[in-house]
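Open the model in your viewer and keep the selection tool ready. We will go stop by stop, and each stop says what to pick and what is there.

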There are 2 protein chains.
Amino acid sequence: MSERLLSEFELIHRFFTGRDRGPGIALGVGDDCSLLAPRRGQELAVSVDTMVCGTHFFEDQPAAAVGHKALAAALSDLAAMGAEPLGALLALTLPRVDTDWLQEFAAGWGALAEQLRVPLIGGDTTRGPLAISVTVLGQVPAGAALRRTGAQPGNLVVVSGSLGGAFAGLQLEQQRRAAGPEPPAVEDSRCKRFFRPEPRLALGRTLRGRTRTAIDLSDGLLADLGHVCTASGCGARLNADDLPRDPLLHDWPSGPSLAAALSGGDDYELLFAWPARQRGELRPLAAALQLPLTVIGEFVDGGGIQVLDASGAPIPLAQRGFDHFRPD
Amino acid sequence: MSERLLSEFELIHRFFTGRDRGPGIALGVGDDCSLLAPRRGQELAVSVDTMVCGTHFFEDQPAAAVGHKALAAALSDLAAMGAEPLGALLALTLPRVDTDWLQEFAAGWGALAEQLRVPLIGGDTTRGPLAISVTVLGQVPAGAALRRTGAQPGNLVVVSGSLGGAFAGLQLEQQRRAAGPEPPAVEDSRCKRFFRPEPRLALGRTLRGRTRTAIDLSDGLLADLGHVCTASGCGARLNADDLPRDPLLHDWPSGPSLAAALSGGDDYELLFAWPARQRGELRPLAAALQLPLTVIGEFVDGGGIQVLDASGAPIPLAQRGFDHFRPD
């Protein structure tokens with residue numbers, strides 16, 4: 001069959017069928033809606049995330065990384081609620097039918113979906129500028145979802161993994177692109193945090209019942225911690241030296257390194273509130289999850305976020321989190 | 001505040017807050033996910049639909065109509081399953097912050113959402129070429145959803161409302177645009193079927209338990225009936241003279257008029273299978289719903305769709321339903 005005659009239905013079927021089954025899925029791809037049957041006593045968590053070519057990824061970025069990241073970023077919202085994924089819907093807008101691109105995209109998406117057991121239960125394909133909108137659905141015991149609310153003054157501020165690695169990876173990738181006329185055909189493994197973020201689903205599930213408050217770091221530490229502070233009606237004080245900076249930042253000058261850790265987006269780590277008296281439980285939890293969990297400060301009375309240097313003096317904060325509609 | 005400094009968060013909040021409450025919504029806008037609590041014994045229906053500027057609507061089309069149609073088209077998928085809407089998520093991709101456009105868009109969306117009681121429970125705003133991706137969620141008693149499967153040879157093929165009106169409206173709008181240098185600032189009321197489709201939610205709910213098989217007409221009668229035939233393992237025979245052609249088609253020549261009724265997209269009527277012996281129940285049903293329900297043919301053994309003229313002879317079908325990736 002000629003590529004130009006591949007219809008949207010055949011297109012969807014060719015790359016994405018047979019991946020639509022899972023527990024809680026009563027009906028997958030192929031009808032007007034998909035049908036979910038969450039377990040009794042569960043609430044259904046839902047979120048949507050869009051990635052646009054040129055805004056969120058390079059036009060010539062390997063499609064497998066685009067597929068991976070589109071799914072990972074959406075799942076990160078489920079992780080932040082402590083929800084267990086049920087399935088995902090993929091709304092793909094494509095300028096043309098490019099079977100190589102689609103195959104790669106489906107491979108990148110599919111590998112992560114298989115690893116995390118996230119069936120693709122529906123979607124939509126339209127013609128237009130390249131963009132990917134992913135809806136994820138998950139389940140969480142009624143009343144047990146992690147929220148942005150509920151952080152208490154005195155609670156510790158804890159983050160998983162490392163900070164600033166996605167931002168540093170993006171810088172490296174931009175340098176690579178500036179250096180040569182040929183667009184890089186393969187992903188630089190050092191840019192993995194930018195290309196292949198890992199949604200912290202296991203951590204989110206584990207936090208349920210242990211804390212009420214979590215968020216994922218998509219816009220940058222300060223911006224996302226700011227959301228928690230606003231929703232919880234408190235402030236936060238961080239210690240700059242305690243931030244678990246990504247290894248890529250180790251040879252950066254201290255100013256830009258701190259800025260990357262505080263404001264770099266796309267890390268998709270979780271930030272959560274933790275009772276100070278249970279501080280000792282963090283280490284075994286981190287060991288069990290094989291994921292660093294680092295206390296970076298505490299929630300305090302009042303509003304705003306302060307970042308303190310080693311001497312305890314506040315560091316002036318010029319930068320804020322990434323915001324799509326803020327002038328650069 | 002300067003328009004250019006309006007952040008994406010403020011933007012979403014300004015136009016879309018206070019509309020996120022409803023039965024079954026445990027948590028609306030403002031956290032990493034929304035939370036739904038469907039009634040016990042219900043399955044959750046979910047679907048996503050994308051509309052892209054230049055593909056699905058004119059760049060200068062009044063934004064209220066864009067908002068209306070984006071929501072209506074997505075809800076039509078719930079109608080086709082017999083599901084009752086719980087809420088919608090709006091993923092908006094915008095090239096820039098245009099508060100007038102957003103206000104109009106929100107007004108068009110909001111009026112329909114209020115009329116049909118569909119809370120806006122979440123979403124995403126990104127920068128990029130104008131596109132709107134809408135995820136809708138609904139509930140339907142477990143096992144009772146209308147499907148594309150289940151049509152039996154001998155069942156009647158029934159459609160609601162009229163056919164070809166959206167296509168005819170689009171033609172009119174294109175003529176208006178071709179006629180003058182000024183883009184039309186207001187919607188021509190004759191183009192209402194194109195600009196302001198009505199999702200047939202009440203009909204969908206009513207059909208539950210009376211038939212197992214329905215689909216909404218988004219791609220055109222032949223294409224969508226074809227999906228039902230394929231899923232149900234049967235064919236269909238239609239009578240050209242029985243098609244309820246939209247009044248806009250009445251002064252069209254017979255060939256193009258038939259083609260518009262058979263292949264015009266975007267009508268968002270429902271097509272359903274109906275037991276022949278219950279034919280008499282259609283009239284009171286239509287009266288109760290204040291919506292025409294027209295028998296246009298029957299499902300038959302074997303595959304494919306035949307359209308018969310008044311003498312019972314098959315009409316050759318050149319056209320098929322609209323397909324985004326088919327060469328024009």
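Select Ser218(B). This residue sits in the loop between E8 and helix H7 (221-232) of chain B. Helices (H or I, at least four residues) and strands (E, at least two) are DSSP runs, numbered from the N terminus. The model is predicted, so local features need pLDDT of at least 70, side-chain atom pairs count only at pLDDT 80 or more, and totals for chains, interfaces and linings use all residues. Residues are numbered from 1 along each chain as its sequence is written, chains are lettered from A and ligands numbered from 1 in the order in which they are written, and side-chain values use heavy atoms, with hydrogens and water left out.

Stay on Ser218(B) and show its contacts. Leaving out residues up to four places away in sequence, Ser218(B) touches Asp224(B), Gly265(B), Asp266(B) and Tyr268(B). Contact means heavy atoms within 4.5 Å. Leu270(B) is 52 residues from Ser218(B) along the chain, and their C-alpha atoms are 9.2 Å apart.

**Stop two: a sheet within chain B**

Select E8, E10, E7, E11, E9 and E12 of chain B, in that order. These six strands form an open sheet with mixed pairing. Two strands pair if DSSP finds at least two bridges between them. Which strands stand at the edges? They are strand E8 (214-216) and E12 of chain B, and each pairs on one side only. From one strand to the next, the twist averages 25 degrees.

Zoom in on the pairs:

- E7 (residues 156-160) and E10 (residues 270-274) of chain B run antiparallel, joined by four bridges. Find Leu156(B) opposite Trp274(B).
- E9 (residues 235-239) and E11 (residues 293-300) of chain B run antiparallel, also with four bridges. Find Gly235(B) opposite Val300(B).
- E9(B) and E12 (residues 305-308) of chain B run parallel, with four bridges. Here Leu238(B) has Val307(B) as its bridge partner.

In general, strands of a sheet pair through backbone hydrogen bonds, either parallel or antiparallel.

Select E1 and E2 of chain A. Together they form an open sheet of six strands in the order E1(A)-E2(A)-E3(B)-E6(B)-E4(B)-E5(B), with mixed pairing. The edges are strand E1 (25-27) of chain A and strand E5 (120-127) of chain B; each has a single partner strand, so one side of each has no neighbour in the sheet. The twist averages 25 degrees from one strand to the next.

Look at E4 (residues 84-94) and E6 (residues 131-141) of chain B. Nine bridges pair them in the antiparallel sense. Thr93(B) stands opposite Ala131(B).

Now show H2(B). This helix packs on the sheet and touches E1 and strand E2 (34-36) of chain A, together with strand E3 (42-52), E4 and E6 of chain B. The direction of H2(B) makes about 30 degrees with that of E6(B). Axes are lines fitted to C-alpha atoms, for helices over the stretch in contact, and angles run from 0 to 180 degrees between N-to-C directions. Next, show H3(B), which lies across E4, E5 and E6 of chain B at about 165 degrees to E4(B).

**Stop four: two helices**

Keep H2(B) (residues 63-81) and H3(B) (residues 99-116) on screen. How far apart are their axes? The axes are 6 Å apart, at an angle of about 40 degrees. The two helices are therefore oblique to each other. Angles under 35 degrees count as roughly parallel, over 145 as roughly antiparallel, 65 to 115 as roughly perpendicular and the rest as oblique.

Colour the residues that meet. Among them are Leu71(B) and Leu75(B) in H2(B), and Trp101(B) and Trp109(B) in H3(B). By class, the contact has 12 nonpolar, three polar and one charged residues. Ala, Val, Leu, Ile, Met, Phe, Trp, Tyr, Cys and Pro count as nonpolar, Asp, Glu, Lys and Arg as charged, and the others, Gly among them, as polar.

**Last stop: both chains**

Superpose chain B on chain A. A turn of 180 degrees and a shift of 0.0 Å along the axis give an RMSD of 0.0 Å. That is the relation of a two-fold axis. Copies are superposed by least squares on the C-alpha atoms of residues with pLDDT of at least 70 in both. The same surface serves both copies: 100% of the contact residues of chain B recur in chain A.
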